[in-house]
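Let's take a walk through this protein chain together. Have a look at the model first, then read on.

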Amino acid sequence: MSIADRTVQTTWEGPLASGAGTLGQGSSGALDGLPVTWAARTEQPGGKTSPEELAAAAHSSCFAMALSLKLGENTTPPQQLDVSSTVTLEEVDGLPTITTSKLTIRAKVAGLDDADFARVVNDAAALCPVSRLFAGAEISLDAALV
(Lines give C-alpha, C1' and ligand atoms only; values in the text may rest on other atoms or scores of the structure.)
Protein backbone atom coordinates (compact mmCIF):
# COMPACT_ATOMS: atom_id res chain seq x y z
CA MET A 1 0.00 0.00 0.00
CA SER A 2 1.34 3.38 -1.00
CA ILE A 3 2.19 5.95 1.67
CA ALA A 4 2.18 8.76 -0.90
CA ASP A 5 2.07 9.33 -4.64
CA ARG A 6 3.22 12.63 -6.08
CA THR A 7 3.22 13.62 -9.74
CA VAL A 8 4.81 16.44 -11.71
CA GLN A 9 4.44 16.92 -15.44
CA THR A 10 7.14 18.54 -17.56
CA THR A 11 6.23 20.09 -20.89
CA TRP A 12 9.25 20.39 -23.23
CA GLU A 13 9.39 22.29 -26.50
CA GLY A 14 12.19 22.21 -29.07
CA PRO A 15 15.48 20.36 -29.40
CA LEU A 16 17.63 19.61 -26.36
CA ALA A 17 20.26 22.33 -26.78
CA SER A 18 17.93 25.23 -27.57
CA GLY A 19 14.62 23.97 -26.22
CA ALA A 20 13.05 24.58 -22.85
CA GLY A 21 10.68 22.94 -20.47
CA THR A 22 8.34 23.97 -17.72
CA LEU A 23 7.29 21.99 -14.70
CA GLY A 24 3.59 22.04 -14.04
CA GLN A 25 0.54 20.07 -13.15
CA GLY A 26 2.20 19.02 -9.90
CA SER A 27 0.38 17.33 -7.08
CA SER A 28 1.06 20.22 -4.71
CA GLY A 29 1.39 23.08 -7.19
CA ALA A 30 4.64 24.12 -5.46
CA LEU A 31 6.78 23.41 -8.54
CA ASP A 32 4.33 24.68 -11.16
CA GLY A 33 5.92 27.07 -13.62
CA LEU A 34 9.56 26.26 -12.83
CA PRO A 35 11.58 26.48 -16.07
CA VAL A 36 14.17 23.85 -17.05
CA THR A 37 16.74 23.88 -19.86
CA TRP A 38 19.78 21.89 -20.89
CA ALA A 39 21.93 25.00 -20.41
CA ALA A 40 20.61 25.39 -16.85
CA ARG A 41 21.52 21.76 -16.29
CA THR A 42 25.06 21.82 -17.69
CA GLU A 43 26.18 25.47 -17.70
CA GLN A 44 24.75 28.37 -15.68
CA PRO A 45 21.30 28.00 -14.09
CA GLY A 46 20.18 31.51 -14.99
CA GLY A 47 17.14 31.27 -12.71
CA LYS A 48 16.10 27.88 -14.08
CA THR A 49 16.19 24.52 -12.34
CA SER A 50 17.45 21.09 -13.40
CA PRO A 51 16.77 17.45 -12.61
CA GLU A 52 19.96 17.42 -10.52
CA GLU A 53 18.82 20.41 -8.45
CA LEU A 54 15.43 18.80 -7.93
CA ALA A 55 17.12 15.53 -6.94
CA ALA A 56 19.34 17.44 -4.50
CA ALA A 57 16.25 19.11 -3.01
CA ALA A 58 14.57 15.72 -2.66
CA HIS A 59 17.63 14.17 -1.03
CA SER A 60 18.35 16.98 1.43
CA SER A 61 14.73 17.31 2.56
CA CYS A 62 14.24 13.55 2.83
CA PHE A 63 17.44 13.13 4.82
CA ALA A 64 16.53 16.02 7.15
CA MET A 65 13.21 14.31 7.90
CA ALA A 66 14.84 10.90 8.45
CA LEU A 67 17.50 12.37 10.73
CA SER A 68 14.91 14.35 12.70
CA LEU A 69 12.92 11.14 13.23
CA LYS A 70 15.97 9.13 14.31
CA LEU A 71 17.19 11.87 16.65
CA GLY A 72 13.72 11.99 18.23
CA GLU A 73 13.70 8.22 18.66
CA ASN A 74 17.09 8.64 20.36
CA THR A 75 15.41 11.11 22.78
CA THR A 76 17.72 13.84 21.47
CA PRO A 77 15.47 15.83 19.12
CA PRO A 78 17.31 18.40 17.02
CA GLN A 79 17.20 22.08 17.74
CA GLN A 80 18.19 22.71 14.12
CA LEU A 81 19.33 20.67 11.13
CA ASP A 82 20.96 22.21 8.07
CA VAL A 83 21.20 19.56 5.36
CA SER A 84 22.51 20.29 1.88
CA SER A 85 22.94 17.92 -1.05
CA THR A 86 25.18 18.37 -4.05
CA VAL A 87 24.15 16.04 -6.88
CA THR A 88 26.75 15.51 -9.61
CA LEU A 89 26.07 14.75 -13.28
CA GLU A 90 29.04 13.20 -15.07
CA GLU A 91 29.67 11.40 -18.32
CA VAL A 92 30.08 7.68 -17.72
CA ASP A 93 30.72 5.40 -20.68
CA GLY A 94 29.50 8.16 -22.98
CA LEU A 95 26.24 8.69 -21.09
CA PRO A 96 25.22 11.51 -18.75
CA THR A 97 24.89 9.85 -15.35
CA ILE A 98 24.07 11.09 -11.87
CA THR A 99 27.00 9.63 -9.98
CA THR A 100 27.01 11.20 -6.53
CA SER A 101 24.97 12.95 -3.92
CA LYS A 102 27.10 14.60 -1.27
CA LEU A 103 25.14 15.36 1.87
CA THR A 104 26.47 17.94 4.29
CA ILE A 105 24.74 18.00 7.66
CA ARG A 106 25.23 20.53 10.43
CA ALA A 107 23.15 19.83 13.50
CA LYS A 108 22.39 21.52 16.78
CA VAL A 109 21.48 18.71 19.16
CA ALA A 110 21.72 18.91 22.93
CA GLY A 111 23.01 15.95 24.90
CA LEU A 112 24.63 14.03 22.06
CA ASP A 113 28.31 13.26 21.55
CA ASP A 114 30.03 12.77 18.18
CA ALA A 115 29.97 8.96 18.31
CA ASP A 116 26.25 8.78 19.09
CA PHE A 117 25.55 11.41 16.45
CA ALA A 118 27.44 9.36 13.84
CA ARG A 119 25.39 6.29 14.78
CA VAL A 120 22.10 8.19 14.44
CA VAL A 121 23.22 9.70 11.10
CA ASN A 122 23.94 6.20 9.79
CA ASP A 123 20.51 5.05 10.96
CA ALA A 124 18.96 7.99 9.09
CA ALA A 125 20.96 7.13 5.97
CA ALA A 126 19.52 3.60 6.03
CA LEU A 127 15.99 4.99 6.49
CA CYS A 128 15.88 7.84 3.94
CA PRO A 129 13.88 6.62 0.90
CA VAL A 130 15.72 8.99 -1.46
CA SER A 131 19.07 7.62 -0.28
CA ARG A 132 17.78 4.16 -1.12
CA LEU A 133 16.57 5.41 -4.52
CA PHE A 134 20.11 6.66 -5.19
CA ALA A 135 21.57 3.31 -4.12
CA GLY A 136 23.56 2.97 -7.37
CA ALA A 137 25.17 6.38 -6.87
CA GLU A 138 27.90 7.25 -4.41
CA ILE A 139 26.39 8.98 -1.40
CA SER A 140 28.79 10.65 0.99
CA LEU A 141 27.97 12.14 4.38
CA ASP A 142 29.77 15.01 6.09
CA ALA A 143 27.96 15.38 9.39
CA ALA A 144 28.94 17.47 12.38
CA LEU A 145 27.39 18.78 15.57
CA VAL A 146 27.68 22.55 15.92
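## The whole chain

Of the chain's 146 residues, 29% count as buried; buried means under 20% relative accessible area, exposed means over 50%, and partly exposed is in between (1.4 Å probe, protein chains only). The chain exposes about 8900 Å², and carbon and sulfur atoms supply 53% of that. Areas like this come from the Shrake-Rupley method with a 1.4 Å probe, and for residues only the protein chains shown count as cover. Along the principal axes, the C-alpha atoms fill a box of roughly 55 × 35 × 30 Å.

A word on what you are seeing: this is a predicted model, where local features need pLDDT of at least 70 and side-chain atom pairs count only at pLDDT 80 or more, while totals for chains, interfaces and linings use all residues. Residues are numbered from 1 along each chain as its sequence is written, and side-chain values use heavy atoms, with hydrogens and water left out.

## The parts list

The chain has four helices and six strands. Both are DSSP runs numbered from the N terminus: helices are H or I with at least four residues, strands are E with at least two. Starting at the N terminus, the order is β-β-β-α-α-β-β-α-α-β.

Now for contacts, meaning heavy atoms within 4.5 Å. Among contacts in the chain with a separation of 6 or more, 50% come from residues 24 or more positions apart.

Strands of a sheet pair through backbone hydrogen bonds, either parallel or antiparallel. Here, two strands pair if DSSP finds at least two bridges between them.

Strand S2 (residues 20-24) is joined to S3 by two bridges, and Gly-21 stands opposite Val-36 in S3.

## The S4-S5-S6 sheet

Another open sheet of three strands runs in the order S4-S5-S6, and its pairing is mixed. Strand S4 (80-92) and strand S6 (138-145) are the edges, each pairing on one side only. Neighbouring strands here are turned by 15° against each other on average, direction ignored. Such angles run from 0 to 180 degrees between N-to-C directions, using axes that are lines fitted to C-alpha atoms, for helices over the stretch in contact.

What makes the pairing mixed? S4 and S5 are antiparallel, over 13 bridges, while S5 (residues 95-108) and S6 run parallel and share eight bridges. S4 and S5 also form a hairpin with two residues between them, and Asp-93 in the turn has a positive phi of about 55°. Glu-91 stands opposite Pro-96 in S5. Over in S6, Ser-140 sits opposite Lys-102, and Asp-142 is the bridge partner of Thr-104.

## Helices across the sheet

Helix H2 (residues 51-73) lies across S4, S5 and S6, at about 140° to S4. Helix H3 (residues 114-127) lies across S5 and S6, at about 145° to S6.

## A nonpolar patch

Val-8, Leu-31 and Leu-34 make a nonpolar surface patch of about 200 Å². Patches are made of residues with over 30% relative accessible area and no salt bridge; like charges are joined within 9 Å, and nonpolar side chains (Val, Leu, Ile, Met, Phe, Trp, Tyr) within 5 Å. A salt bridge is a side-chain nitrogen of Lys or Arg within 4 Å of a carboxyl oxygen of Asp or Glu.

Val-8 is found in the segment before strand S1 (9-13). Val-8 counts as partly exposed because its relative accessibility is 43%.
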